[in-house]
Amino acid sequence: MQYVFATKAQYRLAQITDCHLMATAQDFYKQVQPAQHLAAIVAQLMIEQPDAVLLTGDVTQDHSRASYQLLSDIMAPLNCPVFCLPGNHDDIAELEWLCQHAPFRPERSVQLAGWQLLLLNTKGDTPAGVFGVTQQHWLASQCQRSAANALWLFCHHHPIPLNQFIDKHGQQQQAELWQLINAEPRIRGIAHGHAHYAHQQYVQGVNVVGCPASSVQFLPTSDWQTVDNGPQWCDWTFNADASVNWQFRRLALTEKID
């Protein structure tokens, strides 16, 4: 399935990742209340009115229907489509249930003027990412059929080594992924979550962008350390001339939701 936006010169998208919501807005994850963080981001997006929101995985922590309902309640005020990818903590059946309710959408291909965004499912049976044969064939097919001038990939797991503890749960089949990326010169970049902190690198002619978590940030260290630096996300601007810009965003959490 493909979601097609109306043609215009510029599109503004917000990428939010690793929300780690619990069953209630008052619950804690790693010493923060993730629902409070996410609600603060959504309140800011209501002011800025992006064209779409991309949730790149680990939207909840406890896999409960209540946590997905809480996500639905927090995102409900948005007046734009919300595309949602699974992370290692997500429940596929619950995500499918979620995508039956507005503003959530089930599409994995998003067409903008000049661009096609391809949303990869890297969830496996362990915390590590999987880029198996089915996803390999899907990506190759999407690239072959696309008439867009430029392509950008989004996924949950990081596709390159980050030289820190999270690498043991990184993307498997990296060689297969990069083989497909290198075979398609229109792929300008790949953005991910999972690592919980902001980073960007230029790898094999392709931008790799890590979106910071909306919940807690991980420190890029050899052992697992977390820190509460407030609600964070990444803003994207995709232009019809096939150029792209991104900006890491951060809010100070000043009030709580009931």
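The points go from the basis of the model to the whole chain and then to single residues.

1. Basis. This is a predicted model, in which local features need pLDDT of at least 70 and side-chain atom pairs count only at pLDDT 80 or more, while totals for chains, interfaces and linings use all residues. Residues are numbered from 1 along each chain as its sequence is written, and side-chain values use heavy atoms, with hydrogens and water left out.

2. Overall build. The chain has five helices and 15 strands; these are DSSP runs numbered from the N terminus, helices being H or I of at least four residues and strands E of at least two. The C-alpha trace spans about 50 × 40 × 30 Å along its principal axes.

3. Burial and surface. Of the 258 residues, 56% are buried. Buried means under 20% relative accessible area, exposed means over 50%, and partly exposed lies in between (1.4 Å probe, protein chains only). The accessible surface of the chain is about 10,700 Å², and carbon and sulfur atoms account for 49% of that. Areas come from the Shrake-Rupley method with a 1.4 Å probe; for residues, only the protein chains shown count as cover.

4. Contacts along the chain. Taking contacts between residues at least 6 apart in sequence, 70% join residues at least 24 apart. Contact here means heavy atoms within 4.5 Å.

5. Helix α2. The buried residues of α2 are Ser-67, Tyr-68, Leu-70, Leu-71, Ser-72, Ile-74 and Met-75. Their cover includes α1, β3, β4, α3 and β5 (104-105).

6. Salt bridges. The structure holds seven salt bridges, each defined as a side-chain nitrogen of Lys or Arg within 4 Å of a carboxyl oxygen of Asp or Glu. One of them joins Lys-8 and Asp-51 (2.6 Å, N to O). Lys-8 is in the loop between β1 (2-4) and β2 (10-16), and Asp-51 is in the loop between α1 (34-48) and β3, 43 residues apart. Another joins Arg-65 and Glu-94 (2.5 Å, N to O). Arg-65 lies in helix α2 and Glu-94 in helix α3, so this pair ties together parts 29 residues apart in sequence. Arg-65 is partly exposed at 40% relative accessibility, whereas Glu-94 is buried at 14%.

7. Further salt bridges. Glu-184 and Arg-186 also pair through their side chains (3.0 Å, N to O). Glu-184 is buried at 12% relative accessibility, and Arg-186 is buried at 18%. Arg-12, Glu-48, Asp-235 and Arg-249 are linked in a network of salt bridges.

8. Asp-90. Asp-90 sits in the loop between β4 (82-85) and α3 (92-98). Asp-90 is buried and has no salt bridge, the nearest side chain of opposite charge being Lys-123, 7.1 Å away. For charge, Lys and Arg count as positive and Asp and Glu as negative; His and the chain ends are not counted. The side chain of Asp-90 reaches the backbone nitrogen of Val-59 at 3.2 Å, and a polar atom of that side chain lies 2.7 Å from the backbone nitrogen of Gly-87. Residues that Asp-90 touches, beyond four places away in sequence, include Tyr-68, Leu-85, Leu-95 and Lys-123.

9. Gln-61 and His-20. Gln-61 lies in the loop between β3 (52-56) and α2 (65-75), and His-20 in the loop between β2 and α1. Their side chains make a polar contact (2.6 Å). A polar contact is a pair of N or O atoms within 3.5 Å; within protein, one must be able to donate a hydrogen and the other to accept it, and residues adjacent in sequence count only if both atoms are side-chain atoms. His-20 is buried at 1% relative accessibility.

10. Backbone points to check. Most residues other than glycine have a negative phi, and most peptide bonds are trans. Phi of His-20 is near 50°, a positive value, and phi of Gln-173 is also near 50°. A cis peptide bond joins Ala-102 and Pro-103, with omega about 10°.
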